[in-house]
Number of protein chains: 2
Amino acid sequence: MHFPREEFLERIRKVRAAMQARELELLVVADPANIHYLTGYDGWSFYTPQVVLLDLEEEQPTWIGRIIDRNGGRHTAWIDEDHLIGYPDTLIHVADNHPLRFVGEWIRGRGWGGRRIGVEKDAYYYTVRWHEELQRGLGRGDLHDGDLLVNHVRAVKSEREIDLMREAGRIAEKAMQTALEAVRPGVRECDAVAEITRAEIRGLPEAGGDYPAIVPMMPTGAKTSAAHLTWTDEPYRADQPVNLELAGCRLRYHSPLARTAYLGSQPPAALAELADRTVEGLNTTLDAIRPGMTCGEVEGVWRESIARFGLKKESRIGYPIGLSYPPDWGERTKSFRPGDPNVLAPNMTFHMIAGMWFDDYGFECSEAFRVTDSGVETFADFPRQLFLLE
Amino acid sequence: MHFPREEFLERIRKVRAAMQARELELLVVADPANIHYLTGYDGWSFYTPQVVLLDLEEEQPTWIGRIIDRNGGRHTAWIDEDHLIGYPDTLIHVADNHPLRFVGEWIRGRGWGGRRIGVEKDAYYYTVRWHEELQRGLGRGDLHDGDLLVNHVRAVKSEREIDLMREAGRIAEKAMQTALEAVRPGVRECDAVAEITRAEIRGLPEAGGDYPAIVPMMPTGAKTSAAHLTWTDEPYRADQPVNLELAGCRLRYHSPLARTAYLGSQPPAALAELADRTVEGLNTTLDAIRPGMTCGEVEGVWRESIARFGLKKESRIGYPIGLSYPPDWGERTKSFRPGDPNVLAPNMTFHMIAGMWFDDYGFECSEAFRVTDSGVETFADFPRQLFLLE
């Protein structure tokens with residue numbers, strides 16, 4: 001158990017308050033990060049259906065998952081054995097039944113069938129079939145949207161969570177340093193990524209690494225124009241840029257970090273200039289952040305800063321981060337973009353990524369940080385610049 | 001491009017035949033593996049909505065994704081630029097609009113709004129909100145289930161696909177050998193996994209590794225009773241078992257491999273006996289496989305084999321594999337379990353995992369293989385036994 005029981009109970013109190021504000025009496029939690037947040041359950045079992053049920057009264061939530069994963073709950077979750085429910089393996093990948101039908105029937109059997117029930121309508125893995133089968137098992141169709149309810153509670157981190165993200169930030173530093181040493185002309189992309197992944201998972205001597213929710217994204221050459229390409233087994237070529245977006249992960253808490261490197265001593269003037277201006281925009285924006293600002297206002301600082309250079313970025317420049325599972329390390333609740341009304345508060349945690357992607361090249365530089373009482377604390381300490389690798 | 005254009009066109013012909021059999025005129029493909037199968041599109045962009053639309057007439061499918069990922073399509077997909085559609089970044093993570101509403105509106109604008117439309121109802125990432133927003137954009141609610149349609153077409157692999165899975169099998173051998181060298185008493189679990197992940201991604205000198213759809217699952221001690229736990233940063237302890245489930249991945253094609261090791265020279269008699277009997281059951285079952293058998297009949301061979309020792313396994317012992325993205329390397333279409341009626345054919349590819357998990361310990365041993373004209377060809381060549389690590 002990586003958090004004291006009291007911290008789980010405090011999380012549950014907050015989620016219940018949010019449920020009551022939405023007039024929900026039972027929440028069916030599908031997002032693996034939300035399941036972990038409420039119970040501590042951890043394992044790569046989210047490729048088959050699993051949920052956590054939270055009502056308003058019982059002290060403990062109930063985990064329902066595949067029967068062969070129930071022992072995983074015994075080893076990782078704080079809840080008692082009688083709150084770990086395994087459904088039969090025969091429900092996996094069949095046409096005429098489904099684990100979510102089991103969940104619906106279980107809810108009815110528990111006497112909760114008549115409650116006002118919320119589901120996470122846009123959570124990863126909560127497919128439309130999950131929804132239909134849950135309704136079938138419940139014998140009713142009037143489910144309410146509880147999407148992002150737990151995610152919003154996760155926004156403000158505890159001291160213990162911040163400590164984990166600081167460790168993740170130090171892991172990210174190590175992984176980025178490894179990247180700058182491994183990426184060289186003639187080295188295969190996969191061989192460089194292998195070293196980076198190794199560094200991510202080794203972590204620190206006092207705090208081992210966990211798998212980040214996203215693998216290193218390292219497009220090179222003209223592919224730096226595409227943000228989310230991964231790697232190939234081609235060798236890096238001289239006089240080409242390479243994007244380096246990676247993360248440290250500590251006990252499922254993330255600190256992403258992005259930088260851009262150039263494989264040579266003479267980067268194109270346009271790239272070097274773009275790098276300087278992007279970094280200046282990032283610095284200006286991070287310096288301006290204060291609790292009480294909206295996410296939209298933060299983006300406004302960035303927009304104004306780069307507009308002085310005639311630059312413009314259509315896509316958002318950041319989002320909240322923390323506890324996460326594949327396929328994303330973001331919390332999906334807020335964005336640094338024009339008009340976003342969400343207000344910053346101390347110990348909210350974000351990844352701000354200044355990524356400028358044009359048709360033939362791109363530059364990116366990012367920081368993961370928490371909002372403090374008076375500004376920001378970045379989780380990694382790594383120079384913000386275009387790195388020249390020779 | 002890792003496949004000739006003609007192979008993509010052949011895949012599309014098969015999918016269209018399956019669409020016609022289900023009376024579908026337009027398929028909205030959400031599963032990242034299916035998107036890749038039809039277009040070649042590859043990137044870690046599936047954390048925001050993306051789909052491929054396939055109708056019955058046009059030569060090329062249409063990819064619709066986030067605008068900043070459109071360049072990824074230019075670099076990885078075989079389809080022309082005018083079939084790569086980017087939706088605005090402002091649709092990401094907002095309450096009052098959604099990328100799937102854009103998709104629905106785009107389909108209407110294309111003149112396809114009145115077609116019989118299929119969607120992948122239980123595909124990873126196809127959330128109930130995706131479904132509702134697609135319906136909203138389309139202005140209609142009568143969508144049909146096209147789930148697993150493409151997956152079933154993927155079942156029989158081409159020679160080129162088999163070659164990739166053979167390479168993946170050789171990568172899996174290297175990763176497993178690395179595991180047996182790295183796991184030792186006193187070594188932190190994360191440090192061993194770091195070496196394994198490094199081996200997975202380095203791959204072969206002539207064929208670099210890709211990221212497997214699942215990270216190494218390596219529970220140790222009593223946690224070997226839980227199939228899908230990953231790792232911690234605790235050191236391995238002497239006289240404990242450790243499960244090793246990993247995969248080689250080559251250009252998104254997988255060959256998983258599971259073994260069990262014991263950290264000492266004197267494994268408990270019960271574990272050693274379980275290992276012998278489980279391996280014998282696996283060997284017997286693999287030897288018995290012929291094209292024309294059903295998946296249920298395959299499981300029957302296993303069931304009978306281990307019943308002689310008084311053993312019984314409730315959960316399925318395998319599933320089809322191939323092209324995949326997180327969170328699963330399986331195809332979700334078939335299972336080696338009692339009564340499964342799916343019939344084996346040459347060049348179908350499976351992962352058979354003989355995993356016996358009890359409350360306090362477990363043993364697992366697996367093979368990835370293709371069905372041949374007369375039996376099986378395993379993709380990896382690795383001893384089937386309990387490994388003693390001293």
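In this predicted model, the centres of domain 1 of chain A and domain 2 of chain A, taken over C-alpha atoms, are separated by 33 Å. Because the model is predicted, local features need pLDDT of at least 70 and side-chain atom pairs count only at pLDDT 80 or more, while totals for chains, interfaces and linings use all residues. Residues are numbered from 1 along each chain as its sequence is written, and chains are lettered from A and ligands numbered from 1 in the order in which they are written.

**Domains of chain A**

- The domain assignment, which is automatic or taken from a database, gives domain 1 (5-154) and domain 2 (159-388) for chain A.
- Twelve residues of domain 1 of chain A are in contact with ten residues of domain 2 of chain A, where contact requires that the C-beta atoms of two residues, placed from the backbone, lie within 7 Å.
- On the side of domain 1 of chain A that touches domain 2 of chain A, the elements giving two or more residues are helix 2 (32-39) and helix 6 (149-154) of chain A; helices here are DSSP runs of H or I with at least four residues and strands are runs of E with at least two, both numbered from the N terminus.
- Helix 2 of chain A contributes the largest share of that side, with four residues.
- By class, that side of domain 1 of chain A holds six nonpolar, three polar and three charged residues, with Ala, Val, Leu, Ile, Met, Phe, Trp, Tyr, Cys and Pro counted as nonpolar, Asp, Glu, Lys and Arg as charged, and the others, Gly among them, as polar.

**Interface between the chains**

- Between the two chains, 62 residues of chain B are in contact with 62 residues of chain A.
- Helix 3, helix 5 (128-138) and helix 8 (189-202) of chain B are the elements that give two or more residues to the side of chain B that touches chain A, and helix 8 of chain B gives the most, with nine residues.
- That side of chain B is made up of 25 nonpolar, 18 polar and 19 charged residues.

**Strands and helix packing**

- Strand 1 (residues 26-29) and strand 2 of chain A pair in the antiparallel sense over four bridges, pairing being assigned if DSSP finds at least two bridges between two strands; within this pair, A:V28 has A:L53 as its bridge partner.
- Strand 2 of chain A is also joined to strand 3 (residues 62-66) of chain A, running antiparallel, by three bridges, with A:V51 opposite A:I64, and a hairpin connects these two strands through six residues.
- Strand 2 (residues 51-55) of chain A is mostly covered, with four of its five residues buried; a residue counts as buried if 20 or more other C-beta atoms lie within 10 Å of its own, as exposed if 12 or fewer do, and as partly exposed in between, with C-beta atoms placed from the backbone.
- In chain B, strand 3 (residues 62-66) and strand 4 (residues 84-87) pair in the parallel sense over four bridges, and B:W63 stands opposite B:L84.
- The buried residues of helix 4 (residues 99-109) of chain B include B:L100, B:F102, B:V103 and B:I107, and their cover includes strand 2 (51-55), strand 3, strand 4 and helix 5 of chain B.

**Backbone exceptions**

- Most residues other than glycine have a negative phi, and most peptide bonds are trans.
- B:H93, in the loop between strand 4 and helix 4 of chain B, has a positive phi of about 55 degrees although it is not a glycine, and B:H93 counts as buried because 21 C-beta neighbours lie inside 10 Å.
- The peptide bond joining A:P326 and A:P327 is cis, with omega about 15 degrees, and A:P327 is found in the loop between strand 9 (318-320) and strand 10 (349-357) of chain A.
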